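Good morning. I will take a few minutes on one model, with the numbers that go with it.

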Amino acid sequence: MTSHPTALISSKAKIGKNVTIGAYSIIHDNVEIGENTTIGPYCELGVTNHLSEGKKLIIGANSHIRSRCTFYEGSKFGEKLITGHSVTVREKTNAGNNFQIGTLSDIQGHCTIGDYVRTHSNVHIGQHSSIGSFVWIFPYVVLTNDPHPPSEIMQGVTIMDFAVIATMSVILPGATISEGVFIGAQSCVGGKTEADSFYAGSPAKKIGPTSKIKLKDGTGNPAYPWRTHFKRGYPAEIVEQWNKSQF
Amino acid sequence: MTSHPTALISSKAKIGKNVTIGAYSIIHDNVEIGENTTIGPYCELGVTNHLSEGKKLIIGANSHIRSRCTFYEGSKFGEKLITGHSVTVREKTNAGNNFQIGTLSDIQGHCTIGDYVRTHSNVHIGQHSSIGSFVWIFPYVVLTNDPHPPSEIMQGVTIMDFAVIATMSVILPGATISEGVFIGAQSCVGGKTEADSFYAGSPAKKIGPTSKIKLKDGTGNPAYPWRTHFKRGYPAEIVEQWNKSQF
Amino acid sequence: MTSHPTALISSKAKIGKNVTIGAYSIIHDNVEIGENTTIGPYCELGVTNHLSEGKKLIIGANSHIRSRCTFYEGSKFGEKLITGHSVTVREKTNAGNNFQIGTLSDIQGHCTIGDYVRTHSNVHIGQHSSIGSFVWIFPYVVLTNDPHPPSEIMQGVTIMDFAVIATMSVILPGATISEGVFIGAQSCVGGKTEADSFYAGSPAKKIGPTSKIKLKDGTGNPAYPWRTHFKRGYPAEIVEQWNKSQF
């Protein structure tokens, strides 16, 4: 471990090989950090909280947590977590591998997140959200959970594999964003959605199949499913599988 | 007082009994913190500013300010202030007891806030806002003030008791959100509103009385006024009073 | 230079006369700060990044960077930069003089910004944005760039001189906000816009010329162009020029 002399690191924390910890960061007792991970300055990992029920914060190997992030104990992340700056993650967040969270995003905890999920800046993931794999969420999107706030009834949203939610959209309590759905910017979506369909508006309506959205690269090819043309950052074996698929 | 050795605390600050101050926090001269209050790490309290006119920052007893908060001098909070992380509060914010402010919220100052007000994450409270008691404001709500920006004319909004503003809504300059009003998600509300009514849309329209919104708990009871069913965190004497009321 | 003893300042950074650096701030190697500049606490300037191509972070003279800001190397700001708190600025941001950035704003880099641009809190400036001079952007506005996310096609937005974008609006990829345009709150704007026109709605439509919006000061004068009545913070020679203009 290489840690800046100003970092405050609990001797009870379990820290893997080749971990780097930046200036003024705080690592509390109940933390386990996988090898080759970089933690930027001003991070606080393992904030104690009675809702965590004493469970550890587990950060997978080969991760990069940028500066000013706050992670509570009681959450678990797979390998290659990458964050922007000033991210807040509450307890009982259970995420897979290769999760990328944008700057200022706020994960309220008590949620599950699959593999290769990417959020851009300033995304709000409400409690009880269930997010699949290969999901994209763009800036200022809010995933809600209370159908008539304030209440004790929590209806988290479900976002299925390969779905894309464009900027400034609200996903209403209990909504299901099906596989491959594209939600246009500044939409407000409730209820169920049909797979591989494009929704927009407030309230959102179905506009049509996502395949009708054309790539603005002069080819006239469909822009969705996006994995037909966008492969940056995904491992070769996954890209190969996508290349072999019929869409 | 228990303060972390890295905390920078002015000897001129007036700090009550049993106050705890976290690592790397900064407490400036012109600050008064009530007893039994907890200040998390990386907080800066009492930022000087000529608009504060030399007035103190006063934090009531039994408060909990979480990490990374920035409070200017010249604001006053009653007892039991509770904040999320990375909250910014400018001068001349005057709030009552039991104010809860969510993570990343931004209070621009020059505003008044009653008792038991709760904001969720990332709420923007513009200058000259006037907020009653028992108000709820959900993520990414913006309270505005300038009818034709940029200008020198400030028309702050008024939010009355028991009103609820759902996520991603904009309250336009000079608007009045009356007692018990519910504003649906992603609405844009101007002008006056009728008490205990439900508004939604952009521009928002009156949908009907809030009592027509039914609780999704199988009872078919009305969801509003919310204090008929939601009582978590309010003191026994207030709940008793609500229980005796006819709605 | 006056720096707090806890500030971590690289001896390779080039720091002008009368610069003040706050507690717990970090100044990396590849940074040049102009004279008379104030850097608040918890700032990190000159974050290294391979996309910066080794270029410096240059902050002009007489600037004020408030607490908790993160600036990458490879960006350049003219004189009198003023920031709120917790601002993030990525590499290859090239801004003129007198830029004011609000609290929590997030500049994604790879963008150009003119003189006297002012953003309020929590503004998101996407990569490849091109912003003129004397532009105003209000809270929670997002400037986008990807017409069918995720993709490799970037169509940054263009915001021309004197344009005003009100709170919670989305500017769609490739859109041009022409000179003097006013975008109403919570709008979603794509395509081209006509100079000195007022647009609102989602999707936004042209409502009319901005001159039809009247100042709410009892005079009945037009509110736009705003420089006919709003002059606070601009230097005398610019105001004099505005006063001589026919609108």
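Predicted model: local features only at pLDDT ≥ 70, side-chain atom pairs only at ≥ 80, totals over all residues.

Chain A contains 31 strands and 1 helix. Along the principal axes, its C-alpha atoms fill a box of roughly 55 × 45 × 25 Å.

Next, burial and surface. In chain A, 60% of the 247 residues count as buried. As for contacts in chain A between residues at least 6 apart in sequence, 21% of them join residues at least 24 apart.

On charge, chain A carries 22 positive side chains and 19 negative ones. The centres of those two sets lie 6 Å apart.

Now the cysteines. How many disulfides are there over all chains? The count is 0. A disulfide needs two cysteine sulfur atoms within 2.5 Å. For C:Cys69, the closest cysteine sulfur belongs to C:Cys43 at 4.8 Å, which is too far for a bond. C:Cys69 is also buried, at a relative accessible area of 0%.

What about C:Cys111? Its closest cysteine sulfur is the one in C:Cys69, and at 15 Å that is too far for a bond. C:Cys111 is buried as well, with a relative accessible area of 3%.

That is what I have; I will take questions now.

Methods. Residues numbered from 1 in each chain as written. Chains lettered and ligands numbered in written order. Heavy atoms only, no water. Helix = DSSP H or I, 4+ residues; strand = E, 2+ residues; numbered from the N terminus. Buried < 20%, exposed > 50% of the residue type's maximum accessible area, 1.4 Å probe, protein only. Contact = heavy atoms within 4.5 Å. Lys, Arg positive; Asp, Glu negative; His and termini not counted. Charge placed at Lys NZ, Arg CZ, Asp CG, Glu CD.
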